[in-house]
Each structure stands twice: as C-alpha cells, then as structure tokens.
Amino acid sequence: EPGLYLVATPIGTARDITLRALDVLNAADLLAAEDTRVMRHLMDIHGIPLRGRRVVSYHDHNAPRTGPKLMEALAEGASVAYASDAGTPLIADPGYRLAREAAQAGARVHVVPGPSAALAALSLSGLPTDRFLFAGFPPATASARATWLRHWAQTDATLILFESPRRVNQTLKELCEIDPNRVTVVARELTKKFEEVIRGTAQELARDPRISSLKGEVVLLLDRPSAARVEPRDVEHALRARMGAMSV
Ligand code: SAM
C-alpha cells in the first residue's frame, strides 16, 4: 500500500525488530533513513535484500533538500519506509516534519510501532506509569538546564528525560537543589550487554560511584513531586495527629 511508513527499529538488541517492520522494509519502493549505513546494516542482519532500491538519507540537516524528493515519491503513489538510527522515529529523532507534510499533502501515514527507549525505561523503572511526561534532552548549558529542570520537575507526572552520560551527574546535583528526596531512576544501555538500572533518591544517586563513571546511552526518570504523591491514608494520619494535638 502506498504512503509513508514510520518504522521503529531496535534500541540495542537487533532481534527487537518486529516482523511487520521487516515486511515493510522488504516491500517499500523507497527506503529513507537518518543514517543510510545504519539502515543497510539492519537490513543486512535480517537478510533483506536491497534489490536495486535506493536508501535516501533524511535527517534534520538535509531535510529541506531531501524532504521534497520523498514528498514527490509519495505523490506518485510510492511506499516510503523511514527509520531513524534507533527506536521510534520522531521521538527525539528526525521525521516529524516529514510526517506532518505527508499528512498535509493527503498521503497515508502508517506507523510500524516497536522499540522506544523512553517507554522501555518507564516500563522497568518501577515508577508510576499512569501519567508521564517525556521532556526529551535537557539543554546542554548548566544555567539553561537548571531553569529547565526546575520547570519540568514541578509536573505532577513521572518525568522521562534523555541525558548524555557525561551530564547525568550534573543533572542529579541540580535535582538535589530542587528536591533531594525525589525518587530517581537511571536506566542505561537498555536491551544491551551492559544494561543497568540504578534506583534511589536524587541525593543517593548523586553520591553513587556508578553514576560518576557512567557510560553508554541513558534515560533518567523522576518520580512525581512528593507533594503530589500524598496517599489518602497519609492525609488521614496527618489529620488525626493534628486533632490529637488540638484536644490537648
Ligand atoms: N528515537 C529513539 C527512541 O525512540 O528510542 C531515541 C533517540 S535519541 C536521539 C537517543 C537517546 O535515547 C539516547 O541519548 C538515550 O537517552 C536514549 N536511548 C536510546 N537507546 C537507549 C538504550 N538502549 N538504553 C538507554 N537509553 C537509550
């Protein structure tokens, strides 16, 4: 079927690709990728032949040039499969403008769901999953990051951040300034050989020697602010204590 196919790819383990993703990569008229070598490698691992098809590079820097070419192919009724380097395209990855333009031009946009670092980390974090906010990468400069964290840390939801392993320590220190007791989870190298999940308060994690030498790909998760975590039982307990004190 014609249209744009947004194909999720593994975030570590190559076998975490879906059967449908393989079908789509096999059948698409045109292949587009954030990095064409990564796409060709993935197809190679799973034995999908190129059969003379082109793999077009599409990323943030060349989008103004290659976007129109992909749109042209869609207008001609082609099926175009797009994948980013890892995980779900568009999520802290290129593809959003392409998907929007395709939809606006009346092309069919299909999703081929699969791995997502944010959701994988949330699933194994042990933090509440009923409401969460994915805030992407914090700004790189220290002052902008502190302001950014202060803002998002107030959100009444589990907070999911992507972070460079070099900056996790600094981010945890900044978080200690805001709320040292915030339950925090560092999820590293998910589905890979050195997968590791470190849980604790922001203060505990900031002092953890494993954090200062962190390597690989990292997702940082924060529990919702403690004020929003009050259980009805706690309220009752607090009220009884107050009433007890008043009657004295
Ligand atoms: N679109 C991707 C997805 O849906 O998973 C995310 C792309 S973003 C450019 C890359 C960031 O995702 C990394 O810096 C890291 O924060 C996170 N990430 C990707 N793979 C990961 C993994 N295997 N373990 C932990 N974090 C990962």
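The questions and answers below concern this predicted model.

Q: What makes up the chain, in helices and strands?
A: The chain has ten helices and ten strands. Its C-alpha atoms fill a box of roughly 85 × 40 × 35 Å along the principal axes. Of its 248 residues, 31% count as buried.

Q: What does Gly 136 touch, leaving out residues up to four places away in sequence?
A: Gly 136 touches Ala 92 and Phe 162. Contact requires C-beta atoms within 7 Å. As for Ala 117, its C-alpha atom is separated from that of Gly 136 by 11 Å, and the two residues are 19 apart along the chain.

Q: Which residues of helix H5 are buried?
A: In H5, residues 117–125, the buried residues are Ala 117, Ala 118, Ala 121, Leu 122 and Ser 125. To be called buried, a residue needs 20 or more other C-beta atoms within 10 Å of its own.

Q: Why are the buried residues of H5 said to line one face of the helix?
A: Seen down the axis of H5, the buried residues fall within an arc of 130°, so they line one face. They pack against strands E6, E7, E8 and E10. Just after H5, Gly 126 takes a positive phi of about 85°.

Q: How do you describe the packing of helices H3 and H4?
A: Two packed helices are described by the angle and the distance between their axes. The axes of H3 (residues 63–75) and H4 (residues 96–104) come within 11 Å and cross at roughly 35°. The crossing is right-handed.

Q: Which residues of H3 and H4 meet?
A: Ala 63, Gly 67, Leu 70, Met 71 and Leu 74 in H3 meet Arg 97, Leu 98, Glu 101 and Ala 102 in H4. By class, this contact has six nonpolar, one polar and two charged residues. Gly counts as polar, and Arg and Glu count as charged.

Q: How many residues surround the ligand?
A: The ligand is surrounded by 21 residues, and the closest are Gly 87, Ala 117, Phe 162, Leu 190 and Glu 217. Strands E8 and E10 are the elements that give two or more residues to this shell. By class, the shell has ten nonpolar, six polar and five charged residues.

Methods: Residues numbered from 1 in each chain as written. Predicted model: local features only at pLDDT ≥ 70, side-chain atom pairs only at ≥ 80, totals over all residues. Near = placed C-beta within 6 Å. Helix = DSSP H or I, 4+ residues; strand = E, 2+ residues; numbered from the N terminus. Axes fitted to C-alpha atoms, helices over the stretch in contact; angles between N-to-C directions. Left-handed = near helix turned anticlockwise from the far one by under 90°. Contact = placed C-beta atoms within 7 Å. Buried ≥ 20, exposed ≤ 12 C-beta atoms within 10 Å, placed from the backbone. Arc of directions from axis to C-beta.
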